Amino acid sequence: ANRAYRCNMWPQIYDEVGSIGFLSYDGNKLTGQLIFLPKKYARKIGLSTCQTNERLNTTIVVGCLLINSEYRNQGLASIMIREVIDFCKSKGFNRIEVGACNRPSGKQWVEHISFLPFRKFGFTIDHTTRAHEFVPEDKMCYLDL
């Protein structure tokens, strides 16, 4: 049976905000992606967010930052983080939150987001909020713009 699932949230976010993230390519090869959404939507779908900040309409939550293992340690994550910071400033968002782990990224394509590239931009760890329910050492981090 062919079952169709339709989610109206992402087109709604795109229409409201103007983007849902960035993709990077090397020729035709996808090298990385960063997906984000306003905090009010992140809360609706159960993503971790900082409990100490209730600015739901002016906060962006980064839900995904993945860099293909062949392209790691070449500054690509930093370029994508700079892009989301600039995007937020241009659209009137005054805070960015991301759930991250405080250890280097591993070799897998899918994994937890590393805090290390975010630290370079002044992100601060929120020690009061877990980033992932089952990994207590992973915390939310944030940057006030």
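Mentor: Let's start with a nonpolar surface patch of about 290 Å², made by Leu23, Tyr25 and Leu30. Here a patch collects residues with over 30% relative accessible area and no salt bridge, joining nonpolar side chains (Val, Leu, Ile, Met, Phe, Trp, Tyr) within 5 Å and like charges within 9 Å. The areas come from the Shrake-Rupley method with a 1.4 Å probe, and for residues only the protein chains shown count as cover.

Before going on, two notes on reading all this. This is a predicted model, where local features need pLDDT of at least 70 and side-chain atom pairs count only at pLDDT 80 or more, while totals for chains, interfaces and linings use all residues. Residues are numbered from 1 along each chain as its sequence is written, and side-chain values use heavy atoms, with hydrogens and water left out.

Leu30 lies in strand β2; strands (E, at least two residues) and helices (H or I, at least four) are DSSP runs numbered from the N terminus. With 30% relative accessibility, Leu30 counts as partly exposed, a class between buried (under 20%) and exposed (over 50%), judged with a 1.4 Å probe and protein chains only.

Lys29 forms a salt bridge with Glu70, and their closest N and O atoms are 2.6 Å apart. A salt bridge means a side-chain nitrogen of Lys or Arg within 4 Å of a carboxyl oxygen of Asp or Glu.

What does β2 pair with? It runs antiparallel to β1, and 6 bridges join the two. Phe22 stands opposite Leu34 in β2. Strands pair when DSSP finds at least two bridges between them.

Now step back to the sheet. It is an open one of 6 strands, in the order β1-β2-β3-β4-β6-β5, with mixed pairing. β1 (21-26) and β5 (124-132) are the edge strands, each pairing on one side only. From one strand to the next, the twist averages 25°, with axes being lines fitted to C-alpha atoms (for helices, over the stretch in contact) and angles running from 0 to 180 degrees between N-to-C directions.

Asp144 and Arg95 form a salt bridge, with 3.2 Å between the closest N and O atoms. Asp144 sits in β6 (residues 135-144) and Arg95 in β4 (residues 95-100), so this pair ties together parts 49 residues apart in sequence. Asp144 is partly exposed at 42% relative accessibility, whereas Arg95 is buried, with a relative accessible area of 5%. Both also belong to a network of salt bridges that links Lys39, Arg55, Arg95, Glu97 and Asp144.

Altogether the structure holds 8 salt bridges. One more to find is between the side chains of Glu16 and Lys40 (3.0 Å, N to O). That pair links distant parts of the chain, 24 residues apart: Glu16 is in helix α1 (residues 9-17) and Lys40 in helix α2 (residues 39-44). Glu16 is partly exposed at 42% relative accessibility, and Lys40 is partly exposed with 27%.
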